[in-house]
Amino acid sequence: MDNNELQKIIEENKELKLKLEEERMVKKGEVLMNTDLKTRNEKLELHIETLLKINEEFSDKIAKLRCQLKNIINKT
């Protein structure tokens with residue numbers, strides 16, 4: 001193996017190591033992003049649950065008031 005081939009192999013090795021490090025950094029970034037997205041999804045699920053409870057509560061009250069109003073209208 002001559003000196004040029006050795007230099008070429010050394011250069012390719014450096015490039016591969018650099019690419020590997022870049023891929024590791026990308027993966028770390030993706031892991032952090034996934035963690036953030038999971039937290040955001042959990043928060044949105046909580047909002048939905050809360051809004052459903054509020055909606056159910058007010059729907060019950062509105063339904064009762066509508067029944068009362070219909071009864072009042074029908075009596076007159």
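**A salt bridge and its setting**

Reply: The protein has a radius of gyration of 32 Å, whereas a compact globule of 76 residues would have one near 11 Å (taken over C-alpha atoms; the globule rule is 2.2 Å times the number of residues to the power 0.38). This is a predicted model, in which local features need pLDDT of at least 70 and side-chain atom pairs pLDDT 80 or more, while totals for chains, interfaces and linings use all residues. Residues are numbered from 1 along each chain as its sequence is written, and side-chain values use heavy atoms, without hydrogens and water.

The C-alpha trace spans about 110 × 15 × 10 Å along its principal axes. Helix α1 covers residues 3–75. Of the 76 residues, 0% count as buried (under 20% relative accessible area; exposed is over 50%, partly exposed in between, with a 1.4 Å probe and protein chains only). The accessible surface comes to about 7800 Å², and 59% of that belongs to carbon and sulfur atoms (Shrake-Rupley method, 1.4 Å probe; for residues, only the protein chains shown count as cover).

The protein carries 16 positive and 16 negative side chains, and the centres of the two sets are 13 Å apart (Lys and Arg against Asp and Glu, leaving out His and the chain ends; charges placed at NZ of Lys, CZ of Arg, CG of Asp or CD of Glu).

The structure holds one salt bridge (a side-chain nitrogen of Lys or Arg within 4 Å of a carboxyl oxygen of Asp or Glu). Its partners are the side chains of Glu-57 and Lys-61, at 3.3 Å from N to O. Both residues lie in helix α1, four residues apart, about one turn of the helix. Glu-57 is partly exposed at 41% relative accessible area, and Lys-61 is also partly exposed, at 44%. Further along the chain, the C-alpha atom of Glu-57 is 36 Å from that of Met-33, 24 residues apart in sequence.

Elsewhere, Met-1, Leu-6, Ile-9 and Ile-10 form a nonpolar surface patch with about 400 Å² of accessible area together (members have over 30% relative accessible area and no salt bridge; nonpolar side chains, Val, Leu, Ile, Met, Phe, Trp or Tyr, are joined within 5 Å, like charges within 9 Å). Of these, Leu-6 lies in helix α1 and is partly exposed, at 40%.

Technical notes. Helix = DSSP H or I, 4+ residues; strand = E, 2+ residues; numbered from the N terminus.
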